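Let's take a walk through this protein model, one piece at a time. Keep the 3D view open as you read.

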Amino acid sequence: DFKDEMTDFKDEMKDFKDEVKADRKRMNEQLGELVNKWGTLVEDIVAPNIPRIARENFGFSDIEDFMVRRKVRSKKDGAQRREFDVIAVGATQVIINETKSSPRIDYINEFIAVLAQIEDYFPEYAGKTIIPIFASLHIGEDVVTYLTRQRIYAMAMGDETMELKNFQRVAESRSTDQPRSQDRV
């Protein structure tokens, strides 16, 4: 009897372990889905604000093209593919937006590298001024300072809607300094 009870107990424990393992896998998948949804939720909040920012801050009279989550292959290297969160194209300027739910310096550095390759993905933007905007719901002052040094606009929630947290500082630095690789002046 004792031997049979031990065998049953071992079988029950194995079943329990398998069930816990399956539950953990299912929870990890759901957590991954939530993380992805959170990222797209922030993008969904940022995107509708870009046309207003384009008009109010950069003088866009018309947006010729507006793209959200645009997936494109590099024209220079067809093996390279990337997604751009938001692109707003005006007559002489192009806003390139990168949105993150948690802003980090390494994300900004990746964005800087992408900005240097814009014409690889969009050769039609040659000669246009590239306006880089890094967005999140909240961006701490240390990250705003880093973005300002990189001459990238920081977009986050203000009192009522999304706003550029460093507009004046970046605008002044972009107008007085020599153009960087992301500028097409």
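## A partly exposed pair

Start with Glu163, which is partly exposed at a relative accessible area of 33%. Here, buried means under 20% relative accessible area, exposed means over 50%, and partly exposed is in between (1.4 Å probe, protein chains only). Glu163 and Lys165 join their side chains in a salt bridge, 3.0 Å from N to O. That term stands for a side-chain nitrogen of Lys or Arg within 4 Å of a carboxyl oxygen of Asp or Glu. Lys165 is partly exposed as well, with a relative accessible area of 32%.

## Before going further

This is a predicted model, in which local features need pLDDT of at least 70 and side-chain atom pairs count only at pLDDT 80 or more, while totals for chains, interfaces and linings use all residues. Residues are numbered from 1 along each chain as its sequence is written, and side-chain values use heavy atoms, leaving out hydrogens and water.

How many salt bridges does the structure hold? There are 11. One of them joins the side chains of Glu141 and Arg169 at 3.8 Å, N to O. This pair links distant parts of the chain, since Glu141 sits in helix α5 and Arg169 in helix α6, 28 residues apart. (Helices, H or I with at least four residues, and strands, E with at least two, are DSSP runs numbered from the N terminus.) Arg169 is partly exposed, at 37% relative accessibility.

Glu98 and Lys100 also meet through their side chains, with 3.4 Å from N to O. Glu98 is buried at 9% relative accessibility, whereas Lys100 is partly exposed at 23%. Elsewhere, a network of salt bridges links Glu43, Asp44 and Arg69.

Helix α6 covers residues 167–176, and its buried residues are Val170, Ser173 and Arg174. Looking down the axis of α6, you'd find these buried residues within an arc of 100 degrees, so they line one face of the helix. (The arc is that of the directions from the helix axis to the C-beta atoms.) In general, an α-helix has 3.6 residues a turn, so residues three or four places apart point the same way.

What covers the buried residues of α6? The cover includes β4 (129–135), α5 (141–149) and β5 (153–157). On the other side of α6, Ser175 and Thr176 are exposed.

## Strands and a buried Asp

Strand β1 (residues 65–73) pairs with β2 in the antiparallel sense over eight bridges, and Arg73 stands opposite Arg81 in β2. (Two strands pair if DSSP finds at least two bridges between them.) β2 also pairs with strand β3 (residues 93–99), again antiparallel, over four bridges. β2 and β3 make a hairpin with three residues between them.

Asp85 lies in β2 (residues 81–89). Asp85 is buried yet has no salt bridge, and Lys100, the nearest side chain of opposite charge, is 5.7 Å away. (Lys and Arg count as positive and Asp and Glu as negative; His and the chain ends are not counted.) A polar atom of the Asp85 side chain does lie 2.7 Å from the backbone nitrogen of Thr99.

Most residues other than glycine have a negative phi. Arg69, in strand β1, has a positive phi of about 50 degrees although it is not a glycine. Arg151, in the loop between α5 and β5, has a positive phi near 60 degrees. Are these two residues buried or exposed? Arg69 is partly exposed at 28% relative accessibility, while Arg151 is buried with a relative accessible area of 1%.

Note on methods:
Contact = heavy atoms within 4.5 Å. Polar contact = N/O pair within 3.5 Å; in protein donor to acceptor, adjacent residues only side chain to side chain.
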